[in-house]
Amino acid sequence: SFGIWHELVTDGTVPDIAEKYGLIVERIHTHIGSGSDPAIWQQVATKSLSFCKIFPTVTALNLGGGYKVGRNPGEPSTDLQEIGEPVTDAFRTF
């Protein structure tokens, strides 16, 4: 396991720690995992953008964590155009 579980951001734990120690959050990186479901990407983008509202000092959001790459015949790969549309919508709404 790695990183910070999202619920520790939304329940106030991480913001409280940042404030206690005078930390300024400038960048957020989220790890989506290997997948190609556009709805999941949009959900994660929306959730990640909500963290930017919690930390108004954030200037960069990185959505990473893998794009499914088919390694065997018939195995699907992520269509970046397909997942990009709902993620773009999430950013526009933000």
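## A walk through the predicted model

The buried residues of helix α2 are covered by elements that include α1 and α3 (38–54). Helices here are DSSP runs of H or I with at least four residues, numbered from the N terminus. This is a predicted model, in which local features need pLDDT of at least 70 and side-chain atom pairs count only at pLDDT 80 or more, while totals for chains, interfaces and linings use all residues. Residues are numbered from 1 along each chain as its sequence is written, and side-chain values use heavy atoms, with hydrogens and water left out.

Helix α2 spans residues 13–20, and its V14, P15 and A18 are buried. Buried means under 20% relative accessible area, exposed over 50%, and partly exposed in between, with a 1.4 Å probe and protein chains only. Seen down the axis of α2, the buried residues fall within an arc of 100°, so they line one face of the helix. That arc is taken from the directions from the helix axis to the C-beta atoms. D16, E19 and K20 are exposed, on the face of α2 turned away from the buried side. Just after α2, G22 has a positive phi of about 65°.

In soluble globular proteins, nonpolar side chains tend to be buried together. The largest nonpolar core here has nine residues: V9, V14, A18, V25, I28, F51, C52, F55 and V58. Such a core is a set of buried Ala, Val, Leu, Ile, Met, Phe, Trp, Tyr and Cys residues joined through side-chain atoms within 4.5 Å. Two or more residues of this core come from each of α2 and α3. Apart from this core lies another, of eight residues, including A45, I83, V87 and A90. Leaving aside neighbours within four places in sequence, C52 is in contact with I28, V58, L61 and F94, where contact means heavy atoms within 4.5 Å.

The surface comes next. L8, in helix α1 (residues 6–10), is partly exposed because its relative accessibility is 36%. Together with I4 and W5, L8 makes a nonpolar surface patch of about 340 Å². Patches are made of residues with over 30% relative accessible area and no salt bridge, like charges being joined within 9 Å and nonpolar side chains (Val, Leu, Ile, Met, Phe, Trp, Tyr) within 5 Å.

One salt bridge is found in the whole structure. E26 forms a salt bridge with R27, with the closest N and O atoms 3.9 Å apart; the term requires a side-chain nitrogen of Lys or Arg within 4 Å of a carboxyl oxygen of Asp or Glu. E26 is partly exposed at 41% relative accessibility, whereas R27 is exposed at 63%.

How values were computed: Accessible areas come from the Shrake-Rupley method with a 1.4 Å probe; for residues, only the protein chains shown count as cover.
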